[in-house]
Amino acid sequence: MSKSTRAPLIQSDLPTGILLAAGFGRRFDPAGLRNKLLEKLPDGRTVAWRSARTLAAGLPNSIAVVRPGIPELAEELRRGGCKVVEAPEAEAGMGAALRAGVAACADARGWVVALADMPWLSMELVRAVALTITSRDTIAAPWRDGQRGHPVGFGEAWKDELLKLDGDEGARALLKSHPVTRILTDDDGAFRDIDLPGDVR
């Protein structure tokens, strides 16, 4: 009798990537004249392009959520491989942006949520989070030394809760009140973001 083999995962089995790129970055530039996501990294690529490329490489149907009126940012995210969703409500904060992203792909098999100001995230970690969502109610995230990193994955059972998010709180309340499957990692990219101008270097 031949050994049974598990069918390979196809794209429809995977969650959808959501890149949150709608923040104002006020700590980076309080005057609002420089968008940190359009700053160039040492390799000459923008923060936005690098973050989008990583997420889209791991999850090819990824979307990026932006505020309207920033066409240069939207174009960089498209070049990186993400479909762009312009969401006026995203101006209210991360929670509102995440809600808009989930609403734009509400029939997905779950969501892997990444932040656009974390360009050092690895594609391997994106895939690891995606593949850890093995049930509808899974929540998964990288973990190191007691600290949760990004991206964070949600199974499809969390859709209604995610669609209730608003303001700048994001999904922190969900993560605090429900078990999170921890993906232990030493990957610094899961914990390193761009907050101040010096962080780009």
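Ten salt bridges are counted in this predicted model, a salt bridge being a side-chain nitrogen of Lys or Arg within 4 Å of a carboxyl oxygen of Asp or Glu. Because the model is predicted, local features need pLDDT of at least 70 and side-chain atom pairs count only at pLDDT 80 or more, while totals for chains, interfaces and linings use all residues. Residues are numbered from 1 along each chain as its sequence is written, and side-chain values use heavy atoms, with hydrogens and water left out.

Helices (H or I, at least four residues) and strands (E, at least two) are DSSP runs, numbered from the N terminus. K36 is buried at 13% relative accessibility, and D117 is buried at 14%; buried means under 20% relative accessible area, exposed over 50%, and partly exposed in between (1.4 Å probe, protein chains only).

Two further salt bridges involve partly exposed residues. R50 and D43 meet at 2.5 Å, N to O; R50 has a relative accessible area of 23%, and D43 one of 46%. R78 and E75 meet at 3.9 Å, N to O. Because they are three residues apart in helix α2 (residues 71-80), R78 and E75 are separated by about one helical turn. R78 is partly exposed at 42%, as is E75 at 33%. E75 and R78 also belong to a network of salt bridges that links them with E76 and R79.

Attention now turns to the largest pocket, which holds about 1,000 Å³ of space. On a 1 Å grid over the protein atoms alone, a pocket is an open set of points with protein on both sides within 12 Å along at least five of seven lines, and lining residues have an atom within 4 Å of a point. The volume is the space filled by probe spheres set on the points, which are joined across faces, edges and corners. Of the 41 lining residues, M94, L115, D117, D168 and R172 lie nearest the centre. The lining divides into 21 nonpolar, eight polar and twelve charged residues, where Ala, Val, Leu, Ile, Met, Phe, Trp, Tyr, Cys and Pro count as nonpolar, Asp, Glu, Lys and Arg as charged, and the others, Gly among them, as polar. α3 gives the most to this lining, with three residues.

Definitions and conventions:
On a 1 Å grid over the protein atoms alone, a cavity is a set of points where a 1.4 Å probe fits but cannot get out, and a pocket is an open set with protein on both sides within 12 Å along at least five of seven lines; lining residues have an atom within 4 Å of a point.
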